[in-house]
Amino acid sequence: MTTPTEAEIKAKLSQLTELKAAIGQAVVGQTEVVEQLLVGLLAGGHCLIEGVPGLGKTLLVSTLGKALALEFRRVQFTPDLMPSDILGTEVMEEDHGTGRRSFRFQPGPVFTNLLLADELNRTPPKTQAALLEAMQEHTVSYAGTTYRLEEPFFVLATQNPLEQAGTYPLPEAQLDRFLLNIRVGYPTADEERAILVQTTGAGAGTVPQVMTGADVVTLQSWVRQVHVSDALLGWITALVRATRPSPEAPQAINDYLRWGAGPRAGQALMLAAKARALVRGRLAATRDDVRALAAPVLRHRILLSFAAEAERKSPDDVVAALLAALPAPGSD
């Protein structure tokens, strides 16, 4: 892996600035959500997006695909969706000259760069599990043959946190495959006013293509080279280990957790902090990067205790308590 020159770094960071501006032409506000999506993309992970209907989650993902000049596909997950509807299936073809018949694999919508898995929790576990290999290995196995997905491959799955009737909650093993759990909140009054003006007028803003898939792959390789100090590495390790109930963990955390995050959470927090540093034009991660991404990385990887539920504590409340109990190195 070659080290990029200063000119190359400036050019790519300039493209990231243009990318955020291009997304802003179609998506009003949601600055933090956009940044977290870019962090997930550059870190080479996948994102689980939660928010009530009508907040523009689908628009955000499709806009990201247009600005990146990536192939984008959307799958609406329903209770009758089958694994073959996502991965693909074999179709029989007949050679009209010889009359011979043979099977040919017809790729499904997972063969894309940017896959929006809309309402992933509305489909049965068998279909949910069909995404596991693609998300983890970037391959699809069918009828004894393994097909490699084109890079970059990025899965964005959405969930509605309100309606849980008739849904199939994702198992912890699959939740752990998502680098970030992104919460989409309501817009501010000014943002909502701008949304009304922008979406009900005669013309809609066009989204320019500012980056290619090759640019994304290059930035993903650069993320791995972002510097993390030994002190910051130690803090990330301590934060993840403190989520596991044990005599060494802070008592405030022990009382609220039944199950803690595994080593993959540390990997995710490290990569996400590096990616955020690069998105912000830096080549070294800081404690602010870790603080900003602790909740998106950990909120879907910890299991709350009955005491926490009784006190109406959320995973974000527990992560905030964790950050307070284990302050960053060098902070007051």
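Reply: The model has an open sheet of five strands in the order 2-5-8-1-9, with parallel pairing. Strands (E, at least two residues) and helices (H or I, at least four) are DSSP runs, numbered from the N terminus, and two strands pair if DSSP finds at least two bridges between them. This is a predicted model, in which local features need pLDDT of at least 70 and side-chain atom pairs count only at pLDDT 80 or more, while totals for chains, interfaces and linings use all residues. Residues are numbered from 1 along each chain as its sequence is written, and side-chain values use heavy atoms, with hydrogens and water left out.

Me: Which strands stand at the edges?

Reply: Strand 2 (72–76) and strand 9 do; each has a single partner strand, so one side of each is left without a neighbour in the sheet. On average, neighbouring strands of this sheet are turned by 20 degrees against each other, direction ignored. Axes here are lines fitted to C-alpha atoms, for helices over the stretch in contact, and angles run from 0 to 180 degrees between N-to-C directions.

Me: How many bridges join strand 5 to strand 8?

Reply: Four bridges join strand 5 to strand 8 (residues 154–159), and the two run parallel. Leu-115 has Val-155 in strand 8 as its bridge partner.

Me: Which strands does helix 2 lie across?

Reply: Helix 2 lies across strand 1 (47–50), strand 8 and strand 9, and runs at about 165 degrees to strand 9.

Me: On to salt bridges. What does the count come to?

Reply: The count comes to 13 salt bridges, where a salt bridge is a side-chain nitrogen of Lys or Arg within 4 Å of a carboxyl oxygen of Asp or Glu. In one of these, Arg-276 pairs with Glu-35, with the closest N and O atoms 3.4 Å apart. Arg-276 is in helix 11 (residues 263–279) and Glu-35 in helix 2 (residues 31–42), so the pair ties together parts that are 241 residues apart in sequence.

Me: And Arg-276, buried or exposed?

Reply: Arg-276 counts as buried at 8% relative accessibility, and Glu-35 is buried too, at 12%. Buried means under 20% relative accessible area, exposed over 50%, and partly exposed in between (1.4 Å probe, protein chains only).

Me: Where does Asp-289 come in?

Reply: Its side chain meets that of Arg-276 in a salt bridge (2.6 Å, N to O). Asp-289 is in helix 12 (residues 287–298) and Arg-276 in helix 11, 13 residues apart. Asp-289 counts as buried at 0% relative accessibility.

Me: Which residues are linked in the network of salt bridges?

Reply: Glu-35, Arg-276, Arg-280, Arg-282 and Asp-289 are linked in it.

Me: Changing topic: where is Thr-112?

Reply: Thr-112 is in the loop between strand 4 (101–107) and strand 5 (114–118). Thr-112 counts as buried, at 3% relative accessibility.

Me: What does its side chain reach?

Reply: The Thr-112 side chain reaches the backbone oxygen of Glu-71 at 2.8 Å. This is a polar contact, a pair of N or O atoms within 3.5 Å; within protein, one must be able to donate a hydrogen and the other to accept it, and residues adjacent in sequence count only if both atoms are side-chain atoms.

Technical notes. Contact means heavy atoms within 4.5 Å.
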